[in-house]
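Please look through the sequence and the model below, and then follow the account of a hairpin, a helix and some charged pairs.

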Amino acid sequence: MVESDWGDWLVRDIEDADPDGVAVWYLGCNGFVIKGSEGTTIYIDPYLGLGDPPRTVRMIPVPFDPEDVTEADAVLATHEHTDHVHGESQAPILESTGATLYAPDDSLTVAREEEAWASEWDISDDQFAEVSEGDTVDIGEFTVHVEVAHDPDATHPVSYVIEHDAGTVFHGGDTKPTDEFERVGDAYDIDLGVLAFGTVGQIPDKQTREPKRTRWYNDENQLVEAASALSLDRVLPSHWDMWRGLTADPKALHHHAKSFESPQRLELVEIGDRVNV
């Protein structure tokens, strides 16, 4: 069971909000909530677990209990890793709201088979929707385009471009730069882009538990390379706060981004913060 360090104030803050256009809340790790002016609410990669100590140790609070969520239209998963598809974090949201999980095939395999969400929570099969690159899904006032992602550690990662009359948000999951991002940048006018940022650390191997040099996320140069290719107005670094041994200082990105035309601005946030698109 998930137990929140913060009570339910963040969930209530999100559900009580009435944004003029689009509001985005950072949940820590790579989790976000996007809410539009008509009330459509989308969760992306919400993860409320503690990791697998001492291999992966959570460094930030658990910001809410998923059972406290009463308003959600969809949960989007970018890839199959535990901190992106996690039954205890996401299945209660589907159960209490009737929301649909949109995810690529390998992510749905985790939810349906490996973790068997429907056997532990009251979730129907039509709440699982498979998506793949090139798909477009309408979710309330948002149009969600499924795009490519380059994450060598994942089996089938995707990214999402979420369009609204007020602006467009890109969520890359744990993607690193790819030649495809110039095409994506040309195809959409992206106002705010989320890219995973971290450092290199010694993380115990999953099988042997021996320390292993680990790089899971973009370094400074990779993040700016991806943001530049995507022609982002604003880039929001995520994931840098999460795992012991892989945390990083996002302020360092100022020095790497200053000579590039894109991103035009860094949006530096901490867990629980809200930004407007």
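**A hairpin, a helix and charged pairs**

Strand β10 (residues 142-147) runs antiparallel to β9, and 4 bridges join the two; strands here are DSSP runs of E with at least two residues, helices are runs of H or I with at least four, both numbered from the N terminus, and two strands pair if DSSP finds at least two bridges between them. The model is predicted, so local features need pLDDT of at least 70 and side-chain atom pairs count only at pLDDT 80 or more, whereas totals for chains, interfaces and linings use all residues. Residues are numbered from 1 along each chain as its sequence is written, and side-chain values use heavy atoms, with hydrogens and water left out.

Within this pairing, Asp138 has Thr143 of β10 as its bridge partner, and the hairpin has 2 residues between its strands, with Gly140 in the turn showing a positive phi of about 55°.

Glu147 counts as buried because its relative accessibility is 7%, buried meaning under 20% relative accessible area, exposed over 50% and partly exposed in between (1.4 Å probe, protein chains only); Arg183, at 36%, counts as partly exposed.

In helix α6 (residues 220-229), the buried residues include Gln222 and Leu223, and the buried residues of α6 pack against α5, β13, β16 and α7, contact meaning heavy atoms within 4.5 Å.
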